[in-house]
Each structure stands twice: as structure tokens, then as C-alpha cells.
Amino acid sequence: MLIAGFPAGAWGTNCYLVAPAAGEECVIIDPGHQAAQGVEETLKKHRLKPVAVMLTHGHIDHVASVVPVCGAHDVPAWIHPSDRYMMSDPAKALGRSIGTQLMGELTVGEPDDVHELADGASLKLAGLELTVSHAPGHTKGSVTFSLPEAADIPPVFFSGDLLFAGSIGRTDLPGGDMAEMLDSLARVCLPLDDSTVVLSGHGPQTTIGRERATNPYLREVAGGQGDGTTAAPRRGM
């Protein structure tokens, strides 16, 4: 298994390229602000051929490079229907302007081919089997992607802005909801094995076991000692 990731743009959003091995087909997860060059460099370095762009949610820091990346490689983008509108109207999704100068750097809109994600779907792409979990809370259409354990790696969980190392995604933007966030943490994250590697939308990787033991929000929904009302600041756009 090959997973190559890099932080991109003004918000340091993690973009991931995932393939069975170097020299094979891959999927691209969350090509955000100024991610297109990093995507091309990573494709070249590992001799990868993209077949799809996968989006954990619709915030501009995760989708800003979708149009150029999909257009350059003639591949579809996958997004939950509740967040699809954000690709064409990022300012509405944030409830505020994100700045005239920054907007001038962005290519907003949908790529030519858009597929919609559904909870529980199992997508077989690029020789991978990605399981989709709808996980609202950060946005109404937030999703996560899971890969099963393989011979050389433990299970992998692409959490988007649901779960971070030590924290969770913010819920104060349009479509955010703390009750939904806590429900998603309990329903989507808690059942995962402790060995599961968490690759989130921002910040370093972690594991479910580490977060179950130390993340105050995950401890709260697990009935532990954490208190999500006073815990570490939430992150994401």
C-alpha cells in the first residue's frame, strides 16, 4: 500500500494520494487550496495514474483544486450530495467572505463529472476498497473513508475534519452541529480498532487507540473523563 500525503495551501489541508503500490492507479483525497502542483509532483514521483478525486466534505480548503486536478486527468469527483453546492458557492458554505484576494486564486465550480457518495457505500477504485461513512457535524455532508487492514499496514481511516489528533472539527460554520458531531464520533469512530491509523484533514496522523485514550471529545462520547465543552480548541476551516 502506498499513501503519500502533504499539507497544502493557506489552511495546511492534508491531501492524500492512495494506491496499492507505486506505478499503479490511485485516488486523490481532498485536493484543497494550492494542492494541484503537489498532486502533480506526487503523481510523477510515484508514477501514479489517478482514477478519482474523493472529497471528505465541501469546504473550500478541501476542494479548491478539484476542478484543475479533475480536468488535467479527466477523472470524476466524489462528494456527498449535502455538500455538493459548496464547490460552486464556497462563500455561502462559510457564512462569510473568504477574502477577495484569495477568491481570485481559486477555481470554483464543479468538474465535468461528479458522483455522489452514500453512507455505507463500498467503492472499488484503483484496486482499493474504500468504505464510506456519512459523518455530519462539521458539515451536513461530511464523510470518512476507511481502508481495511492489508498485509503491510493496519486499517486506515481518512477522517476529514471529523477527528484530529487531540481534537475535532469545528461546528460553528453553516451546517455545523455539535450534537451531530458527537453522534458521528460515537457511531463512526468508536467502533474502529485501536490499531486503526487516522489520517485527518489537518495536522499529524494518530491512531484510534491514542485518541480513545487521550482525545477529550472521543472520551466524552465513550463515557470517559473528557468534557467536550471545555476541551482543546476545535480545528478546520
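Modeller: Asp-183 counts as partly exposed, at 43% relative accessibility; the scale takes under 20% relative accessible area as buried, over 50% as exposed and anything in between as partly exposed, with a 1.4 Å probe and protein chains only. The model is a predicted one, in which local features need pLDDT of at least 70 and side-chain atom pairs count only at pLDDT 80 or more, whereas totals for chains, interfaces and linings use all residues. Residues are numbered from 1 along each chain as its sequence is written, and side-chain values use heavy atoms, with hydrogens and water left out.

Asp-183 is joined by a salt bridge to Arg-187, with 3.5 Å between the closest N and O atoms; the term requires a side-chain nitrogen of Lys or Arg within 4 Å of a carboxyl oxygen of Asp or Glu. Both residues belong to helix H6, four residues apart, about one turn of the helix. Helices (H or I, at least four residues) and strands (E, at least two) are DSSP runs numbered from the N terminus. Arg-187 is also partly exposed, at 38% relative accessibility. Side chains of opposite charge can pair when their charged atoms come close.

Lys-140 and Glu-180 form a salt bridge whose closest N and O atoms are 3.1 Å apart. This pair connects distant parts of the chain, 40 residues apart: Lys-140 sits in the loop between strand E8 (128-134) and strand E9 (143-147), and Glu-180 in helix H6 (residues 178-189). Lys-140 is partly exposed, with a relative accessible area of 36%, and Glu-180, at 27%, is likewise partly exposed.

Arg-84 and Glu-110 make a further salt bridge through their side chains, at 2.7 Å from N to O. Here too distant parts of the chain are linked, over 26 residues: Arg-84 is in the loop between strand E5 (77-79) and helix H4 (90-94), and Glu-110 in the loop between helix H5 (100-103) and strand E6 (114-116). Relative accessible area is 25% for Arg-84, which is partly exposed, and 33% for Glu-110, also partly exposed. Glu-116 joins Arg-84 and Glu-110 in a network of salt bridges. The structure holds six salt bridges.

The cysteines form no covalent link. The search of the whole structure finds zero disulfides, a disulfide being a pair of cysteine sulfur atoms within 2.5 Å. For Cys-15 the closest cysteine sulfur is that of Cys-26, 9.5 Å away and too far for a bond. Cys-15 is buried at 0% relative accessibility, and Cys-26 is buried with a relative accessible area of 0%.

E1 pairs with strand E2 (residues 13-19) in the antiparallel sense over seven bridges; strands pair if DSSP finds at least two bridges between them. Leu-2 has Ala-19 of E2 as its bridge partner. The two strands form a hairpin with four residues between them, and Gly-9 in the turn has a positive phi of about 75°.

On a 1 Å grid over the protein atoms alone, a pocket is an open set of points with protein on both sides within 12 Å along at least five of seven lines, a cavity is a set where a 1.4 Å probe fits but cannot get out, and lining residues have an atom within 4 Å of a point. Grid points are joined across faces, edges and corners, and a volume is the space filled by probe spheres set on the points. The largest pocket has a volume of about 190 Å³. Of its 15 lining residues, Ile-3, Tyr-16, Val-197, Leu-199 and Gln-205 lie nearest its centre.

One cavity of 30 Å³ or more is found, and the largest cavity has a volume of about 40 Å³. Residues lining the largest cavity include Thr-56, His-57, His-138 and Asp-161.
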